[in-house]
Amino acid sequence: MNGFLYGVALQWKLDIRSKSLLVTCYVVPLIFFLLMGGIFTSVMPEMRSTLIPSMIVMSVSMGAFLGLPPSLVETYGSDVKKVYKANGVPLYLGLVTMFLSAFVHLMISCVVIVLLAPILFEATLPIQLPFFFLALAIYIIVSLSIGSVLGLTVKNQAKLTMIAQLVFLPSIMLSGIMFPIEFLPDFLETIGLIFPASWGYRLMLNNGFCFENLWYLILVFFTALIVCGILLKKQKSK
């Protein structure tokens with residue numbers, strides 16, 4: 001247990017120094033929040049009631065799909081993996097420590113949004129904060145699990161960036177955070193339901209925490225968990 005906690009603490013320190021994580025988990029999402037928060041609430045004042053979940057979906061999606069996978073490629077696609085094997089360290093430890101570190105960073109970024117949105121844009125706070133933060137934690141975990149699959153599957157950084165963008169952009173454009181999902185054609189609305197962002201957004205809305213909005217996220221998480229287990233076993237055999 002001490003070794004595991006040391007690994008998590010070490011990964012946290014490494015992530016703090018990572019420019020990539022700083023950009024994807026803090027700088028870009030918070031700049032987007034500061035710019036678009038004012039625009040959204042000016043053009044559509046009714047968005048004050050959904051601004052916090054909307055900005056959080058953007059922040060989590062960017063950190064999970066564009067921030068975590070490159071870190072995994074750097075570990076499992078390099079000699080670091082050999083160091084793990086040589087010292088008898090389980091291969092899953094790198095994934096777990098990076099997952100937990102990214103979770104904490106994303107949670108901090110989201111808390112900043114929750115605190116600033118009512119002050120800067122008169123956004124409405126969630127009615128039931130405990131359920132809201134539970135929904136937020138679930139959404140972060142599910143998004144990071146998808147990011148983990150991307151990082152373990154794609155070994156080339158250029159290809160990874162392209163594939164990650166193909167997951168990130170539809171998550172933002174088709175989830176309902178930019179404009180009501182009812183404005184989309186039926187086929188685009190259906191495609192949007194493939195991505196967890198739509199479900200996470202609904203789950204974080206007031207009175208949205210229910211099994212109807214939760215079951216798909218649970219399914220995606222356990223599917224990603226199984227895939228990550230298979231990919232790590234393949235890594236071990238190489």
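Visitor: Which residue lies over the face of W199, and at what distance from the ring centre?

Guide: A charge counts as sitting over a ring if CZ of Arg is within 6 Å of the ring centre and within 35 degrees of the ring normal. In this predicted model, R202 lies over the face of W199, at 5.4 Å from the ring centre. W199 is also linked by ring pairs with W215 and Y216 into a cluster.

Visitor: Is helix 9 mostly covered or mostly uncovered?

Guide: Residues count as buried when their relative accessible area is under 20%. Helix 9, which spans residues 196–204, is mostly covered, since eight of its nine residues are buried, and among these buried residues are W199, Y201 and M204.

Visitor: How many aromatic pairs does the structure hold, and why is the pair of F33 and F121 edge-to-face?

Guide: Planes over 60 degrees apart count as edge-to-face. The structure holds seven aromatic pairs; in the one formed by F33 and F121, the ring centres are 5.4 Å apart and the planes stand at 85 degrees, so this pair is edge-to-face. Because F33 lies in helix 2 and F121 in helix 5, the pair ties together parts that are 88 residues apart in sequence. F33 is buried at a relative accessible area of 0%, and F121 is buried at 11%.

Visitor: Which helix gives the most to the lining of the second largest pocket?

Guide: The second largest pocket has a volume of about 200 Å³, and of its 13 lining residues the closest to the centre are L95, F99, F221, L225 and C228. Helix 10 gives the most to this lining, with six residues, while the lining as a whole divides into ten nonpolar residues, three polar and no charged.

Key:
Residues numbered from 1 in each chain as written. Predicted model: local features only at pLDDT ≥ 70, side-chain atom pairs only at ≥ 80, totals over all residues. Heavy atoms only, no water. 1 Å grid on protein atoms, 1.4 Å probe; cavity = no way out; pocket = protein on both sides within 12 Å on 5 of 7 lines; lining within 4 Å. Points joined across faces, edges and corners; volume = space filled by probe spheres on them. Helix = DSSP H or I, 4+ residues; strand = E, 2+ residues; numbered from the N terminus. Nonpolar A, V, L, I, M, F, W, Y, C, P; charged D, E, K, R; others polar. Buried < 20%, exposed > 50% of the residue type's maximum accessible area, 1.4 Å probe, protein only. Phe/Tyr/Trp six-rings, centres within 6.5 Å; stacked < 30°, edge-to-face > 60°.
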